[in-house]
Amino acid sequence: KIYLAWIRGVLTGHNYARQSQQIPEISNGTVEVAVDRYCTEKPKSNFADAAFRLSDKLSGRNEAITK
């Protein structure tokens, strides 16, 4: 549950910072499935990467935010 809450915070922060690229409402189950899938496909990656890539995908940007 703590990881899910952390990801929810990342997604909320994304919506606050990127108001032109909002992430739609998403269920906890969908978040869990997406993160589990990412971590299975990329076992050497870390949990935060899964959250950030989910943010990229759901916002429609499909690439990492750069400076």
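**Close-up views of a predicted model**

View 1. Asn15 sits in helix 1 (helices are DSSP runs of H or I, at least four residues, numbered from the N terminus). This is a predicted model, so local features need pLDDT of at least 70 and side-chain atom pairs count only at pLDDT 80 or more, while totals for chains, interfaces and linings use all residues. Residues are numbered from 1 along each chain as its sequence is written, and side-chain values use heavy atoms, with hydrogens and water left out. The Asn15 side chain gets to within 2.6 Å of the backbone nitrogen of Ile23. Setting aside neighbours within four places in sequence, Asn15 is in contact (heavy atoms within 4.5 Å) with Gln21, Gln22 and Ile23.

**View 2. The largest nonpolar core.** Here you'll find 12 residues, among them Leu4, Val10, Ile23, Val35, Tyr38 and Leu54. A nonpolar core is a set of buried Ala, Val, Leu, Ile, Met, Phe, Trp, Tyr and Cys residues joined through side-chain atoms within 4.5 Å; buried means under 20% relative accessible area, with a 1.4 Å probe and protein chains only.

**View 3. Helix 2 against helix 3.** These two pack at about 125°, with axes 9 Å apart (axes are lines fitted to C-alpha atoms over the stretch in contact, and angles run from 0 to 180 degrees between N-to-C directions). On the helix 2 side, the contact includes Val31 and Tyr38; on the helix 3 side, Phe47 and Arg53 are among the residues involved.

Technical notes:
Buried < 20%, exposed > 50% of the residue type's maximum accessible area, 1.4 Å probe, protein only. Polar contact = N/O pair within 3.5 Å; in protein donor to acceptor, adjacent residues only side chain to side chain.
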